Amino acid sequence: MLKVLKKILPIAAMAATILSSVAQDNTGVVRRNGGSKRGQKQEEASGPKITDRMQGFFDSPKTHDADLAYQREIYRQLDLKNVPENTPLYFPEDVVDGQQNLFRIILGLVVDGKIPAFEYLDGREVFTDQYKVKVGEMLDRFDIMYQKQGDGDRAIYTIEEADVPTGQALKYYIIEKWEFDRRSNQMKTFVEAICPVLTRTDDFGGSANYPMFWVKFDQLRPYLAQQYVFLTDDNNLPQYSLDDYFNLGMYKGEIYKTKNLRNLSMAQMYPDEDDLKRAQDSIDTRLREFGKNLWVPTRDEYLAMRDAEEEAAAARELALANGDSIPERTVVTADEEVPAVKTRASKRAGRKKSSSSSSNSASKKKKAPKVTQPKSSSSSAANSSAEKSVRRRKR
């Protein structure tokens, strides 16, 4: 009898524990998910859960170091107030039918702990756990009102819609990477991180910029892909998502810094405004022309470029002879659209027409001598395939 009781008692105890757990789950005291109804409502309101598989779909393709032939990091400033191309990042200022602007999306994700934020180190950004931002300290630093429940890592922060400083988020800093992949022979451009900047005015009417934190763009992309915006006032249908907006390069921002050994900004390197503007334009031009200059032009493109240079040189010499202003020299690249290759007859007709028009305007002056361009044998042979070769001429 004792042996039978010893076998029955453990089974009865196990059944009692199972029944008690089921009863507790049905009454709502204990939940297997570990969250209350309020927490579930907050999660549904802040957006769907992003799985690892979905996150991997939005991660930017990483180029292997062995395939990299060129890399440069550019820091751009996106002005939402004065640049119309960046206005879609600001509107709507308030939440309208579930639509939010970029600042509300970023701040909500950081406060809810869905994506990490990193300290703004002014050119020495390190995206590691050591430099992660603590939500409570960040909100206190920028004087953002909030409500806190719990302590430590389990603390829940709640910000009312009226307390979100969207009216002050008028600028963004982005880190833009340019990489040339020698395996695919392509120049790849992507945004690595984004930083919201608060613009606040003081008592004397001056304004100051306060960068908040950096957020990695790859971790932000799944949420931006679900937020659609319209780009112009002519079409109020939102056709592009915020993810498309950044990946297609629809934004417009000036370069305020490049990664350099001394960690200096562009304003520190070029104090003069004109020099600063020329340096910014030069960097933009070199980045966009880097991949294009790697390709050898075709014969038609090369001939068209040479004809354009000859006509520009003849126009400059004619202007010098007549005492007119010298036109600026234009350089035609191989990737631009070039006109069809002109024949010699059309060239002569064009030159005669230009010379006759100039002679009529300067009839009282001394007739300008006709300027002829010496041509080498190699260039003439390249222009016309009907000329006889030097070897076949009779001696």
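I started with F142, which sits in the loop between α5 (135-141) and β2 (147-149). My helices (H or I, at least four residues) and strands (E, at least two) are DSSP runs, numbered from the N terminus. A reminder to myself: this is a predicted model, where local features need pLDDT of at least 70 and side-chain atom pairs count only at pLDDT 80 or more, while totals for chains, interfaces and linings use all residues. Residues are numbered from 1 along each chain as its sequence is written, and side-chain values use heavy atoms, with hydrogens and water left out.

Is F142 buried or exposed? I found F142 buried, with a relative accessible area of 5%; buried means under 20%, exposed over 50%, and partly exposed in between (1.4 Å probe, protein chains only). Leaving out residues up to four places away in sequence, I listed L198, R200, Y210, P211 and M212 as touching F142, where contact means heavy atoms within 4.5 Å.

Next, the surface. L231, Y240 and L248 make up a nonpolar patch there, with about 260 Å² of accessible area together. Areas come from the Shrake-Rupley method with a 1.4 Å probe, and for residues only the protein chains shown count as cover. Patch members have over 30% relative accessible area and no salt bridge; like charges are joined within 9 Å, nonpolar side chains (Val, Leu, Ile, Met, Phe, Trp, Tyr) within 5 Å. I placed L248 in the loop between α7 (242-247) and β10 (254-258), and L248 is exposed at 56%.

Then I turned to salt bridges (a side-chain nitrogen of Lys or Arg within 4 Å of a carboxyl oxygen of Asp or Glu). How many does the rule give? The count comes to 14.

I looked at K259 and E73, whose side chains form a salt bridge at 3.9 Å, N to O. This pair links distant parts of the chain, 186 residues apart: K259 is in the loop between β10 and α8 (266-269), E73 in strand β1 (residues 68-79). K259 is exposed at 57%, whereas E73 is buried at 14%.

Last stop, helix α9 (residues 273-290). D275 and R278 are bridged at 2.4 Å, N to O; they are 3 residues apart in this helix, so about one helical turn separates them. K277 and D281 form another salt bridge, at 3.8 Å, N to O, and lie 4 residues apart in helix α9.
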